[in-house]
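Here are a few exercises to work through with the model open in your viewer. Try each one before you read its solution.

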Amino acid sequence: MLLDLVFPKRCVSCKKIGSYICKKCRKDISFAEPFCPVCGKKAIDGVTHFGCKKKLGLDGVVCIWNYSGVIRKAILALKYKFTFDLGSELCLLAHSSIKQNFSLSFLKDKILVPIPLSSGRKKWRGFNQTEILGKTLSEHFGWRFSSNLLLRKKFVRPQTGLGKKERNKNIRGNFQVNPEYKKILRKNVQIVLFDDVWTTGATLKEACKTLKRKGFPVVWGFTLAKT
Ligand SMILES: [Zn+2]
Ligand SMILES: [Zn+2]
């Protein structure tokens, strides 16, 4: 393509020309160890430990990579300026990594719901990278995609730079479920809440609580990376 000649793709980490995530940097990507979203300890496939289960809590979480190196740089790059080709490279990589590292039960029939940005932030940025990545990923997995099941109630400060307690407080009561949710609510429907990075999990946990209060039976968390 002509554009590739004028603006060649460069690796977001080592700047090598050819792709956004080069072969060499791919080798250094590290997978996050599956963990329980409640206690944070090791858990097979990220399924919440039996003893950690809560009525309104996550049923499990899948975080693909550790938030470092080329993955961190790619996610940050997308946050500030969404580049579709970089987004596609990352999603392809995410898809093959999940197939390699997680049991296939996670891949069965799900509805992916991206964590929404507050409307103020979306307007300011012009896009929600979580929504764009989530849509691409759901296409790879053959899942349904719903970007308006979960709505944001009010403006909150970004979670960046806050401690664990402050994050919980900042996000509490922040989401609401689209009044038309009954159209997709079924006894066996499984929701995958998608965000780019898992830090304390406060955002995903709050969103999960909001959905479960409306009767959604199974809610998983899913992020590209874990800090
Ligand atoms: Zn590189
Ligand atoms: Zn646990």
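**Exercise 1.** Which residues of α8 are buried? Find them, then work out what covers them.

*Solution.* Keep in mind that you're looking at a predicted model. Start with the helix itself: α8 runs over residues 202-213, which makes 12 residues. From first C-alpha to last, α8 reaches 17 Å, close to the 16 Å expected at 1.5 Å a residue. Next, pick out the buried positions: Ala202, Thr203, Leu204, Lys205, Ala207, Cys208, Thr210 and Leu211. Then look at what lies over them. The cover includes the strands β4 (150-152), β5 (175-177), β6 (190-198) and β7 (218-226), along with helix α7 (164-171). Finally, check what comes after the helix: Gly215 follows α8 and has a positive phi, near 105°.

**Exercise 2.** Is Lys55 buried or exposed, and is Val192 buried or exposed? Place each in its element.

*Solution.* Take Lys55 to begin with. You'll find Lys55 in the loop between α2 (23-27) and β1 (60-66). A residue with 12 or fewer C-beta neighbours within 10 Å is exposed; Lys55 has 7, so Lys55 counts as exposed. Along the chain, Lys55 and Pro217 are 162 residues apart, yet their C-alpha atoms are separated by 9.4 Å.

Now for Val192, which sits in strand β6. The cut-off for buried is 20 or more, and Val192 has 25 other C-beta atoms within 10 Å, so Val192 is buried. Leaving out residues up to four places away in sequence, Val192 touches Lys110, Ile111, Leu112, Val113, Trp220 and Phe222.

**Exercise 3.** How do α3 and α4 pack, and at what angle? Describe the crossing and the residues that meet there.

*Solution.* Two numbers describe a pair of packed helices: the angle between the axes and the distance between them. For α3 (residues 69-80) and α4 (residues 84-101), the angle is about 140° and the axes are 10 Å apart. That makes α3 oblique to α4. As for handedness, α3 passes α4 in a left-handed crossing.

Last, go to the contact itself. α3 brings Ala74, Ala77 and Leu78, which meet Leu86, Gly87 and Leu90 of α4. Sort the residues of this contact of α3 with α4 by type and you get five nonpolar, one polar and no charged.

Definitions and conventions
Residues numbered from 1 in each chain as written. Chains lettered and ligands numbered in written order. Predicted model: local features only at pLDDT ≥ 70, side-chain atom pairs only at ≥ 80, totals over all residues. Helix = DSSP H or I, 4+ residues; strand = E, 2+ residues; numbered from the N terminus. Expected span 1.5 Å × (residues − 1). Contact = placed C-beta atoms within 7 Å. Axes fitted to C-alpha atoms, helices over the stretch in contact; angles between N-to-C directions. Parallel < 35°, antiparallel > 145°, perpendicular 65-115°, else oblique. Left-handed = near helix turned anticlockwise from the far one by under 90°. Nonpolar A, V, L, I, M, F, W, Y, C, P; charged D, E, K, R; others polar.
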